[in-house]
Structure formats: structure tokens, C-alpha cells
Amino acid sequence: MPVIYINIQKLKKLIEKESLSEDDLNEILFSLKSESKKIDEATLEVEVNSDRPDLFSVEGIARAIKGLTRKEMGLFEPKVKDSGFQAVIGEVPSRPYIAFGIVKGIELGEEGLKELIQFQEKLHVTVGRNRKKVAIGIHDLRKVPSTNLTYSMVSLDREMKPLGDDKYMKIKDVLSNTQQGKSYGDISVLGGAHPAILSDGEIISLPPVINSEITRLEPNTKDLLIDVTGTEKTTVLKTLDLLCSVLNEHVGSLIERVEVIGPGSNDYRKDPQLGRTKIRLNENYIGKILGFEPSHEDIIESLLRMRFGLSEEQKGEIEVIVPEYRLDILHQIDLVEDVAMAYGYNRIPIKNPTFHTEGSLLNYTLSGKVARLILLGLGFQEVSSFTMVGEEAKMFEGENDRVIKIKNPISESMSFLRPNNIVSLLLVLRENQHVELPLKIFEMGDCAFERNGRVIQKKTIALALMKDELSFEEIQALVHSFLSSIGIDVKYRRDENKYFISGRTARVIANEIPIGILGEVHPHVLTSLGIKYPVGAAEIDMDILSKMIKK
Amino acid sequence: MEKVSLSDGERKLLSAIVNFPNKVEISELSRISGIPESTVNAIIELLKSKGLVREEVTYNIILELTPEGKKALEEGLPEEKLTSILLSQGAKQISELEGILGKKELQLSLGAARKRGVVDIVSGNVVLNKDKLTEISIDKEVLKRISSGKELTKEMAERVEVLLKRGLVKKEIKKVRKVEAEIPIAKKALETGSNVIVKLTSRDILSGRWKESILKEYNVELLPPRVSPGLPHFYMLFIEKIKEALESLGFAEVNGPIIESEFWNFDALFQAQDHPSREIHDTFWVDLPDQELDAKIEMIERVKNIHETGGTTGSKGWRYRWNIENAARLILRTQMTAVSARTLASNPKPPFRFFAIGKVFRPDLIDSRHLPEFYQLDSILGSEDMSFSMLLGAIVEFFAKMGLKEVKFKPAYFPFTEPSVEGYVKIDPLGWVEVFGAGMFRPEVLEIAGISVPVGAWGMGLDRLAMALLRVDDIRKLYSKNIEELRKQFAQNISKLV
């Protein structure tokens, strides 16, 4: 979940309530799915949910709090006029969509500038999918060279002045030499060209990588030009709506529209569009989902406190206006949750389910209990290991069986799936060579391998015996005792594999069905794992065993 | 009973042992007596069986540097590179450092440095704690001492565990055997060769010879040799207890595969294909040839429609182009909700209650609170009259069964449920502990599965719950390879497990 830092004074100013106590503030944020804690006198750390990007900024949080505390309910009305700015859009195949907006009259200051950049960054990471889907550029409007903007692909040999640098540089050098270029330079570059926003022939932004030094934001910046670029049109437009609307929370601020023309001959828009949608909310539906029926008045009040608008309100069905910054509302179910949140989760009655169903456990669980009972009687200690193991797994590959590799492991010792549970037991034994011997251990769990291109997944039970001196019959006797205690008739058939000693390996057969394997672990396996004592081991397929126990 | 008769060899060796004031090593004995060590061993066994000597086996731990350890000593520890960058250039973003050091190197050095508190990660920035830099030099001093065979101070010895885990140091265990004489009996045997019974036998009783012999007295106040029973794994017992609680509340157990398609893990749960949790930092992918997607064609169609346009649910959908190749890719399941998705799609007859418990996998680095694989519970309830209120009721009922009477709810976000809730339970002496997530499945999820009744879902990581209830302070202890540790945990938690 995104964590943001906001200035407490600024928040209090925005919600026009100087006296709000810390506890009350925590309580309100809690009911907005957020957790907060004061980290110093001036700063509040807020952990917000990723589904509410409008809460990634102090302005958005203030708007929501004003609703919940009934300071200001219902829709927020953005203040909008035209700007006289015009943007011409060219063909940009690698990043086709762009939207522009202007917000004027913001008091930034040092704090505000930091918070604005934080807002932008959180949007990049979440909605923007690390700038791939959407990226945002914010400029000091007064430094933009002219009211005419263009968006097009430009050659990598063209020069710009990247943010934080005082001299002009070729785009290709910006991509390969700056930190931002290294991180985001490969997202939209295509055939020797890169998308760029120009004004008066000057590159002011290289989306999604970096802005230009020319339009750098300063603490005293008052008017913002915002560009949003991306690969998905709706998200680009909605992200601009969100930014403009949320920043418009500042008293005295004003949104100004930019004319956006092209790339098609009929493409003409005024951004931001600040588009609102209407969703019909059925009161019976609320009752059915929540399991109780809040009164009509409670529902209406909850919606208004969550800053929705109402266009039509009759008993039974309400037409709700969803504001431009609520990107998370897809369906009336999302409104049901908002109603419940404003109503208060702690006021929701808790009801015991009235319907009857029969409980049951899987055969695997039941036979696991039986197996554990008997193995404990035979003196085995139960262990529980990771399913992911290291390269040692390869020693257990069969003629047709391949171990499964993890493409993005976190460490070498967890880079394969275990092909059986014997490997896990050996890893446990290795760590216990100082314990008094003999040592008997077992584990039940998942393992997987690839056989002729198919994935085989199994639940097995593996046993191992480690002692100073070992004979094949000792491990065989334990396996035999285990299985015959469950009432299974067992036979043994000579077998061969890579990890047991030849002539000391047997397949375990029950009712003519192979159910497992047993043997003495080969010294080459023991030495390569660093085990100094002989080990006998066995593995039984639990899926087959379960069925046999059931019979 | 046997007449204590001593062979020449036995007499010779026993006299030698009796003359030693302290315990003597077998090798030393062999040297002094001039008897080969293998013969000494055999004679000691005989003397032991006659109760004339006592053997003590001890294990000495010898520390040595591994090749990596030697390298670190010569070229510096990997985290030194990191700290020197931070020292000269100040705090840095993880991504920047990745650029400089490379991903693997960074992970290694970051892990090591964080463990010692030398750096912190503060909102994605790696920050150096200058006053902790000495930690690294102490680690190096430990390596130096191990390398030159010098003694470690107590503080240094405590640091070795971490260096062992990092593979810089290895531990060898050497077995040392010593013997000492049972002085009065041994002397008597040497003098008179009189009858002493150590281990009473059936023959002694039947023949009546016990009457003419001395029954050796034991020191009954000594501690006995250790005998270890086979014990169940404490965490596995805990999981079994949860399964039984759920069974008694009417839940039927189900399961599913650990290698899962993205389809069942994400798409069937209406998680958009570009959702952040479907990225490399949150999901493990496995290296396997393409497998056919194991879902019905109609369901795949529904997933596509609902993701793109919301289908017939009235939802707007995610408004993007849904891609079947991405859905077919194989991963390690990241959530047990994948099993619930499969269960729902199997057309269960309402009303129903199901639960699944199994391992889930996420690429988290290991520390005392995080593991890349852990156990999770997911459970669903469906009925004509199922509701959010009843879901909360079902959860309260479950925790009451586990002995936890106080539950608190908070609004939350999950991609597949709405309304969603997170919950805390009160666990003494910890207070409120966040343990579960829940919610009503979204209409999009139900339409994908082809279910017409409301379904509530709830789930939680069981490792965290076990840690709180069993008071395990480090998540790694739930998967300890150390048998002694497992025995200890069992003993500590037995009252809560049976």
C-alpha cells in the first residue's frame, strides 16, 4: 500500500478545522481504509489503499474528510474556464495518447512542492504502472515558451535541457546518461525516435522519462501546466481529471482547459474533460449485499458524505453521479461499499449465517493424521520445510523427470521446486549432525517436477533415518512397519535411480500399484550435501495412500 | 552376574586408566599403553560392559572460513561496497543502487547490511546509519580471528550464526571420546577379581548367583542419557487444529495445485492483467513449456468479456485488451483465493461453505516477519441469503472457536471483493493483531465463475496467526531445520495445541 507524508498544518487549513484532534483524524482516516501516524510535530504518515489514487495527496484527503465530517457534502464543483493554450498531437505509435490541463493559483512553497512531486510519483507507481501505462509531467506554466504545444516523435539526435542539468544534451545521451533515462528510457523509444512535447521549438518534456529544466517547478510556482501521456486513452484522460480536480481543492485555484487537436483530422477535445458518470443504485441491492437495510435517509446521507452527487432520487432507486476523480467506481457494488464505509463498519450488525452445511476434511488431511500417528510411534520427528530448494534438487532428476526452475528466484538456495520431499529431509539432516543418533524424521508436503513437458504435482510423505551404521533392511523395516500398521500389504521390487545406491533401492508396491520408493542414499549425494553419516530414505505418494486408507 | 575376570589386555589398560586422575582420551591411552587404537577401542567396550569404566563422548565445534569467507577477508565484504557508495554519495533509491551494483550484488549486500542495522530502507531510499558502520568492522575482525585460529570473545561468538548463514564461515564438528574408571569397582576388580553385577540379567536371577555378588550401586542422582521421542511439528498441529475448527463449523475442505496458471490466480478473480501484484516483485514465474489453460472455453470467454467491458454485470470492466497468453502463463500461486476460484467454477450447489489451506509464494526477502512461502487459509460461503453481515458473523464464529472473542473490522481493498474488510483480533498480551481480509465477491467474479448466489470470502496468512497465538517471535522458526529447536517449540506450545 502506498505511504504518503502530509503536512498536518496544511491539512487543517484545507479542511478549515484547526482543532481536529489526532485521535479523531486517525479515526476518520481509518474509515477511509487508511492508517496514519504522526512522525513528527508537522508531519503525518498515511498509508492509503491503492484503489483510491485521489487520496495520494493532502488535497484529496482533505476533500474526503470534509465530506465525512459534514463540513462540505455532495459533489465537488471544479472551477473551470478556457486557457487559450492549444496542443497539436502528431502520430506517436509508442505512446499514442496525451492530455493537457492547467491549474492556476496554487500556493506551493517548499512543502507543497515536495507533496506535489510525491503525488505524481505515487500515481506513476500505481495507476501509471511504473510510467508504462501513464506518466505525468508538471510544468511551471509561466516558463512555458508559448501557448502552442505539440506532441510528436523526435529524433534521438535532437537536443534538450533535461531537468537538473544546465546544458543542452542529445536525447540519446539523456536516455543513456541520466538516472531517469536509465530507468525509463526503454519504455517508449522506437526506431531512433522518442515522444516529446515541444513549445516554440523547445522540448519541454520527454515522456515518460524526464521534463525539461526550462519549465522546472519552483516553490514560488503558482500556475501549473500538466501533461499526461500513456498507452491507454481512458486512463490518460481520467488521470488528468483526477490531478486537476484534486489540485482544485485549493481555495482560489482555477482549472483552465487546453484545446487538443489531432492526430486525426476530426480529433478535437478540450482537456481536462472532468467527465462524470452516472450509476443507478438499487436500495434492495444494498440490503441484499450488506444483509441489513439502512434507511433511505442514511443511504442518501452516506453518499453525500462520500462526495457523490444525486441526479435522481426516488425511494428504491437512486441515480448517483460519480465525480471525475473516483477512478475506482466500476459498478454499483462499489457504491454499496462507500455507503457502508460512511455508515460505519462498526455499526453493521453481525449476523450468524443461518444456512446449514456439512463440514468435511480431505482424504489427504485424514490420511496425514493417520500417518503422523504411526510414524510418531516409530520414533519419527516431524519436520516442515520450504517447497523451494537450491541446485541440489538436480541430483534427484530421473531419466524423464526434470526439476522445475523458478524464473525470478530471491536466492540461490530457493531457485527450484523440490522434486520430492527426500531432498528436504536431507537438508534437515545436514543441519543436525550434532544431534544424538539415530535420527528419524518425516515430512508431508507438496512437490513438483516436469515429465515429458507435463507438470506433475504431488503430495508425498517422506521418511529418513540417519545413523552411524546403516543397513538397507533398517529403513525397509520402518517403511514396512508403517504401511502394514495401516493395513496395507506391501511388496518390494528392485529399482534403480540416481540418488540411491544400486542394489539397495526398491519400489514399494501395494495391490500391484507402485506407491513409493525406498533405499539407501548414495554416498555421492551425501558427500555433495556435506552429510557424514549414512542415510536411508523413503517416499510414499499420499494421494494413492489416502485412497488405500479410505478402503 | 559374572565373575570379574580380567584378561591381560584388560588389566593393563584398566590399570592405566585407574592411574589417571582425570578422564583420558582414547588416542592418549593408545599412545601410553602402546596398544593400537582399534584394539584399545575393543577392550574399552569390554571394560564398559563389565561396568569398570565409563565413557564420555563430546563434540567440539571447529570454525573455519569458506572460500567466500576468505575472499571477503581479502577483498572486503560485499556490503562495504554499498556503504562506501552511501557514505560518499548519501542516501540512494534502491533502483539507482541496482544500476550501480547489479541486482544480485545489491540484494546480497543490502540483506547483510540491513541485518546489522547499518542501513535502513525508508520509502524506497537506502539510508546509511553511520554509527553502525563499526558492525561491519567487527564482522571482519571475527573473520580474521577465525582465519588465524584465535579465540572469539563472547560477543563475537554470538555474531557467528549470521556469518554461518551467509556462507562465509563453516562449522566442523569433531567427536572426542574419553574414558575414566569406576574407581572403587575397578580397583577391587584389579585387586581381587570379585563378583560385581552391573547389569542384572535373567540368568543371574534364575541361577541364584545374585546372592553371592555385589550389586553395583548407581549414582541415581545423575542425569540419565537423553532419549528423544518422535514429536509432531508444532506448526503442523496448529494447522490441523484450524482445519478441525472449520470442519466443525460446517466447512468442507478443498485444495488446488501450487503451480497455477495466472488465469486461476488472477484473471478469474477479476484482477487486471496489468495489476501491480502481477509483476516480478510480487509473483514467481516457473520455467516450463507452455501448458494448455485448464478452463472451459465458455469461462475463458466470460473472463475476456468481463475484463474488457464488464460483461453483463453492469460493470465498466477494466477497458483494455485481455490477453489469453498472459493468462496461461504458469506461476507459483500467490493466494489461496486461486483455489476458491477453482471451487466456485466447479458449480457447487448452494448453500456451501468451503475452505482451503496451503502454501502460497511471493518474492519477499527473508527476515523475521517475511518469507517467500507461507501457509494461507482461504474460505468461501455462498447461499441465497448470504450477506456481508453474515460474513462478519462467520468470521467472528471462527475466531470464537479458536478462543479469540474480540474481533474488530476496518474497511479495506482487495481487487476481487466489495465491500472489503480487514480485521483485527485481540490476542493477549499483544493487543490488537491484524490477521484477516474478507469481503463479498464482486459481481464480475461471480459472473466469471457462473455463480448466481452472493458469495462471501475470507482468508489469512496462518504463519502470522500462529506467531501471535503460539508466541513465536521469528517467522523462520516455523520452518526451522534445527531438530532441537522443534523439540523446544513443541514443549513451549503443547498446552495450546492439544
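This is a predicted model: local features need pLDDT of at least 70, side-chain atom pairs count only at pLDDT 80 or more; totals for chains, interfaces and linings use all residues.
I then looked at domains 1 and 3 of chain A. On contacts, I found nine residues of domain 1 of chain A against ten residues of domain 3 of chain A. The domain 1 side of that contact holds four charged, three nonpolar and two polar residues.

Next I looked up the chain interface. I noted 85 residues of chain A in contact with 84 residues of chain B. Helix 17 of chain B supplies the largest share of the chain B side, eight residues. I sorted the chain B side by class and got 45 nonpolar, 20 charged and 19 polar residues.

Strand 22 (residues 405-406) of chain A runs antiparallel to strand 11 (residues 286-287) of chain B, and two bridges join them. I traced A:Ile406 to its bridge partner in strand 11 of chain B, B:Val286.

Last, I turned to the nonpolar cores. The largest has 161 residues, and I listed those with the most contacts inside it: A:Leu463, A:Ala464, A:Val535, A:Ala537, B:Leu391 and B:Ile395. Helix 17 (residues 388-401) of chain B gives the largest share of this core, nine residues. I followed up B:Ile395 and, leaving out residues up to four places away in sequence, found that B:Ile395 touches B:Val407, B:Gly423, B:Phe436, B:Ala438 and B:Trp458. I logged a second, separate core of 72 residues, with A:Leu14, A:Val228, A:Leu237 and A:Val260 among them.

Methods: Residues are numbered from 1 along each chain as its sequence is written. Chains are lettered from A and ligands numbered from 1 in the order in which they are written. A nonpolar core is a set of buried Ala, Val, Leu, Ile, Met, Phe, Trp, Tyr and Cys residues joined through C-beta atoms within 7 Å. A residue is buried if 20 or more other C-beta atoms lie within 10 Å of its own, exposed if 12 or fewer, and partly exposed in between; C-beta atoms are placed from the backbone. Helices (H or I, at least four residues) and strands (E, at least two) are DSSP runs, numbered from the N terminus. Two residues are in contact if their C-beta atoms, placed from the backbone, lie within 7 Å. Ala, Val, Leu, Ile, Met, Phe, Trp, Tyr, Cys and Pro count as nonpolar, Asp, Glu, Lys and Arg as charged, and the others, Gly among them, as polar. Two strands pair if DSSP finds at least two bridges between them.
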